Amino acid sequence: MKKLLFVLLLALSPLAALAQANLEINTPAINGLKQAMAGRHAQLAAHYGSGAIGIARDGSVSLRDANAVPLPQRAAVNGLLGAENADRAALYKEIARANGKPEWEAEIRNTFAQRWAEKASPGWYVQNAQGQWVKK
Amino acid sequence: MRATSILSALAAATLAAACVTINIYFPAAAAEKAADRIIEEVYQLRKDAPASAPVPADKK
Amino acid sequence: MAMQQFVAPVTWRTRFGQRLVREGIAALLIACTCGALAHAQSLQLELETLSGPDWSVRKLQLALQQGGAARLGLQGLVAQGRAWGDLTLECKRFTMDRSALNCADGNLEGKERWPLSFTADLARKTLSLRVAPEAGEEWRLDITGVDWRIALQNASVARLAPLLSGAIKPTAGRVSGNLHLGAGRVDADLRIVDAAFADATGLRAGEKLQGRLTFDATSHPRLGAAAAPADWAWTAALAWDKGAVFWDPLYLAHEGAEAPHRLDARGRVTAGRVVVEQANLEWQTLGRLSGSLDFGRDAFDLGSYTVTGKGLNLFELRALLPQTWLDDKRLGDLDLKGTADLALVGGIRGVEQFALALSGVRLHAAQRHLGIDNLAARFDYRSSGREPFLLSIDALRLQDLRIGPIRAEGELRDGRLYIPNLIAPVLDGILALAEIEVDRESFSLQGALTSVSMEKLTAALGWHPLGGQLSFVLPHVSYARSTMAVDGALLFKLFDGDAQVDAMRLENPFGRTPRLTANLHLKRMNLEAMTSAVKFGTMTGLVDLDVDGLVMENWQPVSMDARVLTSEGAFAKRISQRAVQNISSIGGAGAGAAIQRSFLGFFETFGYDKIGLSCKLRNGICEMGGAEDTASGFMLIKGGGLPSVNVVGYNRFVGWQELLDRIQAVIDGNSRPVFQ
């Protein structure tokens, strides 16, 4: 059985090499989403810092504790999260589509989920694999 | 008895092969690199990121 | 001096606490107090591990001294599923006669220490309790039989938080007023100051709330049903003076400067349901809303409901929308005015009727360059049946383009809106739409635009000026599942040519990632009209433009097979030197300089046989082609007549962005003189 696996691996290795080339992320749709998200980030950053929102394990941003946000701004934070998560969902879908592999969407989302957490600034809350919030 | 063991071995092999194929197909390293490029621009971690420049100007 | 000391070391260790219920203790207490203490001067009692159906105590200690101090200690009290820790009730002066207990100068000590006093008469079933946790704060309870009266003065509602089991807890606030619970009657008049509440997520919270609640309910035993619970009739009034509430997604605030928002309601409680027969909400500056509803007392399941409002001020609705949310939608400067009348009727099956009448509505979003002037509409949705629909708008504004006035009549039929005809003047033309059908998730229509001056249109939209006329025929257009599709060909006239758009689909037109697919064919466009508008250099003649397999994301092309080529047939074909240079620059041929250096620089215009440029766009790279292929390149201009000039390009692959930059450079370059 090991031999069978080995043969399979060998047969697929050129494919693997091919697949390890860069992913296409320079399309108008992806650039548009990226820009919208970068523009929104300054507003979200303050809420990451206060712990009101955190980086969820599913590649989205989620509300952790709105009590950290002054009352008049809470609806706005919710609105920002809605817009950000809609853009993120569209981003994962568009990357999969730009590379001709719509079926990759879930794995792209997973990859992003890890990288959003990895690149988060110290002090931000990140959701671990068990779903608990951990301060970075 | 023997037939079932062969069958299950085959099934296991197919399963294993299927898993391997999926893992190879998804370019994890490339996806990670692509994600990092986008995330750095969104988080504005790169000093040369084009998105970081117009944002403060926009806010005024 | 021989003070009779009778210390009763009653140390009763009970291990069968489960059987010892409240009544047992009460009996024991009374037995001790009335029996033993009538003779004894003091008593000590210690019980271990007492428990009842929903409470338990690890240790109970009681020490009484006639005419002196009394102390009751409870250790490890657990009641109603909650651990209360240790509680001590102490009275500095404690007296007792036949049936009355009197505690003066007492304290209840748990996590905090609260001064209190009480008198109780077991025979007359009265209790009078006064607790003053802080200076200026007082909780009074007076019980006479089944009549309970609670009087509060600056009572801190946060103290109640541990007692409440709901998700929403009071976190601050002072209440003053009276609450009376009697036989068949409940009434209250409470003033609330600086109150706050929140749930754990912070999605339902209030702050700095100030107001007054009055409540009155009386019970009416149901005739002939003695065992059934009584019906209650109630009235309530709430005045909200000040404060803010966030109840996701609504944020309601009252600055306190104006008159209070008022809610008056009356209704019944019957057979487990709370019925609000009539409620009036007077919301300052918004207007007055009335309604009714009923819901289950335990599960809060909504039954039927109605809401009506007249002359509601829409400006106030704008204030209810959070500013940052509007900013994100680029509607931060949204200006909304007008009035609305509405009527809503619903039940467990959802909305049954929704009538809305709008008048004098003005909506302007300067940042988006969108506006609506003076809209009036009557809309009456019913889940079944037919109702008329009316709409009139003085003008729709898009940039500087005004569309209107618009008048439309139609009807709502089984939840779908039908408008047979809608006419709207656009500049010097008319937009006519027909067979409009709209429901919650989809719409469809047909239409046509009679010829509109492109010059006026492009100027109004702030686009590059273009000449000629625009007119179009829209075949069946439909929108469903976030995709807009045009069945059949969209026909229009542009630069005297006939244009046709086939297979047009627009996914996500209202989202962040709109995606357009289409084929575009423009036949016999007048080059002179086209080029004079963009100052490209003069060209005469006719061209065809074909774009197949166009895919645009975010309004930028990502793939297509595009080609511009001189049309078939005989017509005058001249091209100016400047246009030759510009075409050369776009083709990357660098011919412009060559012309200037050669004798051709003396000529103003040239003859040509064919002009052509094609771009096969894939993955951001454009594969270029011309009117004809040559051995090593592609011919952008094939000369003909006298004098004639050929322009040949050699570099077939160019980045799409670079091509756009070249075109931009040509347009920018035209602002300065090219040759002397």
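How far apart do the C-alpha centres of domain 2 of chain C and domain 3 of chain C lie? I looked this up and found 34 Å, with the domain bounds coming from an automatic or database domain assignment.

I noted that this is a predicted model, in which local features need pLDDT of at least 70, side-chain atom pairs count only at pLDDT 80 or more, and totals for chains, interfaces and linings use all residues. Residues are numbered from 1 along each chain as its sequence is written, while chains are lettered from A and ligands numbered from 1 in the order in which they are written.

For chain C I listed domain 1 (1–97), domain 2 (147–222 + 229–280), domain 3 (301–423) and domain 4 (519–669).

Next I looked at contacts between chains, where two residues are in contact if their C-beta atoms, placed from the backbone, lie within 7 Å. I found 25 residues of chain C in contact with 26 residues of chain A. On the chain C side, helix 3 of chain C provides the largest share, four residues (helices are DSSP runs of H or I with at least four residues, numbered from the N terminus).

I then turned to Ile95(A) and, leaving aside its neighbours within four places in sequence, found Ile95(A) in contact with Leu23(A), Ile25(A), Ile30(A), Ile108(A) and Ala34(B).

I also checked how the chain C residues that touch chain A divide, and wrote down 11 nonpolar, eight polar and six charged (Ala, Val, Leu, Ile, Met, Phe, Trp, Tyr, Cys and Pro count as nonpolar, Asp, Glu, Lys and Arg as charged, and the others, Gly among them, as polar).

How values were computed:
Helix = DSSP H or I, 4+ residues; strand = E, 2+ residues; numbered from the N terminus.
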